[in-house]
Amino acid sequence: MSWAYLLIAGLFEIVATTLFRYTEGLTRVGPTLAFFAVGVVSFYCLSKAIIGDNAIPLGTAYAIWTGIGAAGTALIGLTLYGEPASGLRVLLLMVLIGSIVGLKLVA
């Protein structure tokens, strides 16, 4: 169950960082409230992943959580916002995703 919580935490992290672009420096109330609410859910799920019988070690959980957030947010930027998709950038994203999978496999 810890891994499910960690995956959910990572997905909510992607949503939070995507929402952040709409807050305009935390000056727009709706997007700012949504950003903080989604962020709290992400942190809650992360905390559930590192506590309990099948807890994931903190360092591993944090690396995977931030990796999911970073890779997912970068992919959203590439696909929805037209951010540059150079070959090197895509290669490095693939390495990041491979590292996340690797951490899961060795945990």
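1. Let's start at Val106, which is exposed, with a relative accessible area of 69%. Exposed means over 50% relative accessible area, buried under 20%, and partly exposed in between, using a 1.4 Å probe and protein chains only. Val106 lies in helix α4. Helices here are DSSP runs of H or I with at least four residues, numbered from the N terminus.

2. Before going on, please keep in mind that this is a predicted model, where local features need pLDDT of at least 70 and side-chain atom pairs count only at pLDDT 80 or more, while totals for chains, interfaces and linings use all residues. Residues are numbered from 1 along each chain as its sequence is written, and side-chain values use heavy atoms, leaving out hydrogens and water.

3. Which residues make the nonpolar surface patch of about 540 Å²? Val106 is one of them, together with Leu75, Ile97, Val101, Leu103 and Leu105. Helix α4 (residues 87-106) gives the most to this patch, with five residues. A patch takes residues with over 30% relative accessible area and no salt bridge, and nonpolar side chains (Val, Leu, Ile, Met, Phe, Trp, Tyr) are joined within 5 Å. A salt bridge is a side-chain nitrogen of Lys or Arg within 4 Å of a carboxyl oxygen of Asp or Glu. Accessible areas come from the Shrake-Rupley method with a 1.4 Å probe.

4. Now look inside. The largest nonpolar core has 12 residues, among them Leu6, Ile14, Ala49, Ile56, Trp65 and Ile100. Helices α1, α2 (29-49) and α3 (58-80) each supply at least two residues of this core, and α3 gives the most, with four. Such a core is a set of buried Ala, Val, Leu, Ile, Met, Phe, Trp, Tyr and Cys residues joined through side-chain atoms within 4.5 Å.

5. Ile14, a member of that core, is in contact with Ile68, Gly69, Gly72, Thr73 and Ile76, leaving aside neighbours within four places in sequence. Contact means heavy atoms within 4.5 Å. Gly72 sits in helix α3 and counts as buried because its relative accessibility is 13%.

6. Ser2 belongs to helix α1 (residues 2-20). Is Ser2 buried or exposed? Ser2 is buried, because its relative accessible area is 7%. Beyond its neighbours within four places in sequence, Ser2 is in contact with Lys48, Ala49, Asn54, Ala55 and Ile56.

7. Finally, check the loop between α1 and α2, where Glu24 is placed. Glu24 has a positive phi of about 50° although it is not a glycine. Leu26 is in the loop between α1 and α2 too, and its phi is near 65°, also positive.

Conventions. Patch = residues over 30% accessible without salt bridge, like charges linked within 9 Å, V, L, I, M, F, W, Y side chains within 5 Å.
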